[in-house]
Protein chains: 2
Amino acid sequence: MIYTASQLETFTRNIFIKMGSTAQDAETAAKVLISADLRGVDSHGVARLSGYVRLWEKERLNATPQVKIIHETPSTAVVDGDLGAGLVVAPKAMAIAIEKARTAGSGWVAVQNSNHFGIAGYHSMMALDHDMIGFAMTNASPLVAPTFSKSKFLGTNPISVAIPAGNQPPLVIDMATTSVANGKLEVLQRKNMSMPEGWAQDENGNPTTDAAILKKGGAMLPLGSDRTHGSHKGYCLSSWVDIFSAVLSGANYGPWVPPFVAYIDPISESVGKGIGHFVGAWRVDAFRPADEFKHHMDNWIETFRKAVPVDGEEKVLIPGDPEREITAQRLKDGIDLLQPVVEDLMALGQKMGVEL
Amino acid sequence: MIYTASQLETFTRNIFIKMGSTAQDAETAAKVLISADLRGVDSHGVARLSGYVRLWEKERLNATPQVKIIHETPSTAVVDGDLGAGLVVAPKAMAIAIEKARTAGSGWVAVQNSNHFGIAGYHSMMALDHDMIGFAMTNASPLVAPTFSKSKFLGTNPISVAIPAGNQPPLVIDMATTSVANGKLEVLQRKNMSMPEGWAQDENGNPTTDAAILKKGGAMLPLGSDRTHGSHKGYCLSSWVDIFSAVLSGANYGPWVPPFVAYIDPISESVGKGIGHFVGAWRVDAFRPADEFKHHMDNWIETFRKAVPVDGEEKVLIPGDPEREITAQRLKDGIDLLQPVVEDLMALGQKMGVEL
């Protein structure tokens, strides 16, 4: 079933309003959530909407958070998200980072007491309009095993960096620190297909091609897949994200990160509040004049576009190209939701008295 | 042949003094260079000393640089390294970042007009004594092919993050953004052995196990190895490092990064000055009290140490553990240099009138 982005945004906004959110918060949440569908990250878009509602029903998500700064310096702050949706909390944190960067050159905000923030790329890209470089990270429920470990202690912990250019579109990095997105395993599992080795391990830490392995005690693998190919580096990156998002902010880290799904109860012990994010911005002209920077970014991008592709590939891509292509296509043709997602949204709409 | 770290430091210091460096710069350069040998990163240690000298002989390295700030804001600066050795320039840049963090909460310094800076970990770790988190990146001569590309447009472009803890040792990340270090290929090549697939590609972009492939037009691969296992993420990370080190600072980026080896002439065209670095520091108590942070870092580290290891592995490591073990061992037993390295240093000592 095909919907326009604006239909899905309106629906999402109305659901948040039914939960009691302010009009402004509901609009932000809808924009962030649907930006994932527009960028082709279907696992983080409207398909997750009823997940947020179920958390709210269990009082694990606050629809009317009072987001506030609890500590700050000229270029840093810590924000308490008041258990709000990360969709709402993270953009507020990012706005603070941008404000700090305006006067101090850079701004950094660690967030505690939040929930899932959608795609990291939305938040980092907020900096672009201000001629700033944006940065966003978040930790997430543990699914990933460190190198040599059977224990799942890390989330898919993404890193996003958004860098403005001049005539070229911005360069946007938005990557989980695993070898592959969890969504790819789910797709193969639904089709009853196997997956390549190097995406996950079984409960004993052995290689596997079983796409359903996470349900059988398996774990996702850090970027690099195995020690020989550098999985310890993916483990390092994921650790960095976890520590910045939670140890710096006062949120839960490692095995204590609360699950995003409402049907799994959070463990009773905690080492902080909610999940954590870390966002920031560097003002480009805190380093060199923005025009000069953009001129060289254009040159960088044009140069890399001219790299000679390997046989069988048409071209070399720039970080952000694939998502931009999907956005253009989906703005034109609409967003085709899978039947189970449509049914889920229909049921949600009926329950909340909102029409899709 | 076994040397103590202090013998190698003295030798290196004296070589720099013979090039005309100040006593202080020579001491810094020696300390940074030998820290690589102590941490087991032999490819970046004293084995590279004569490389720096050869660059100096060709007037591509200035032994008496006047490192200066050319632009700044409360939390950022750009530094011109005056074509000095990165070994000397980067610690000065890091000292500026630390100073800025003291007042602004965080400090960021982009460096242009520099040369190879040794191991990234030395520079990030400078922040630890100040209860700060350190950050360091550098670009490097192009050896790495972006995903889907035959062209070698990126260096091994490392990222380092050093995070202080309390009773536990600090967590230190120091990683090239490739699937493997170039040094590993060199070792296998010397032994006439093949290497695993996923470390490099041949001149047409095909998988290869030939450890000598770089001499035959091949390229190293970004972390992730191939598109299926996330090499586009390694490519993203490497791009980030290149842009921050050079586009932000005004140094050379991508294919324009000058070669570190003196026998390859730099290309005549340039898009900036020398190679670039990007370093920074966040003050821990710009986010939460240092004691509280360290308590949770200890808990994080102790928790991850207790992860259940996979069959056949003794334990799960924390980023920084392997290097720390090697340092302890080499401080005790000395540093065993390969015969060709010893001969090279002997010849260098004779030429420069310095005794090893």
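Predicted model: local features only at pLDDT ≥ 70, side-chain atom pairs only at ≥ 80, totals over all residues.
**View 1. The contact between chain A and chain B.** Counting heavy atoms within 4.5 Å as contact, chain A brings 91 residues and chain B brings 92 residues. Together the chains bury about 7,300 Å², with 69% of that on carbon and sulfur atoms; buried area here is the accessible area (1.4 Å probe) lost on being put together, summed over both parts. A:Phe148, A:Lys233 and A:Phe287 supply 11% of what chain A buries against chain B, more than any other three residues.

**View 2. A salt bridge across the interface.** Two salt bridges turn up between chain A and chain B, taking a side-chain nitrogen of Lys or Arg within 4 Å of a carboxyl oxygen of Asp or Glu. One of them joins the side chains of A:Lys150 and B:Asp311, at 3.2 Å from N to O.

**View 3. Helix H7 of chain A.** This helix, residues 231-247 (a DSSP run of H or I, at least four residues), gives 12 residues to the side of chain A that touches chain B, the largest share.

**View 4. The axis between the copies.**

**Notes.** Residues are numbered from 1 along each chain as its sequence is written, and chains are lettered from A in the order written. Local features need pLDDT of at least 70 and side-chain atom pairs pLDDT 80 or more, while totals for chains, interfaces and linings use all residues; side-chain values use heavy atoms, leaving out hydrogens and water.

Key:
Buried area = accessible area lost by both parts, 1.4 Å probe. Helix = DSSP H or I, 4+ residues; strand = E, 2+ residues; numbered from the N terminus.
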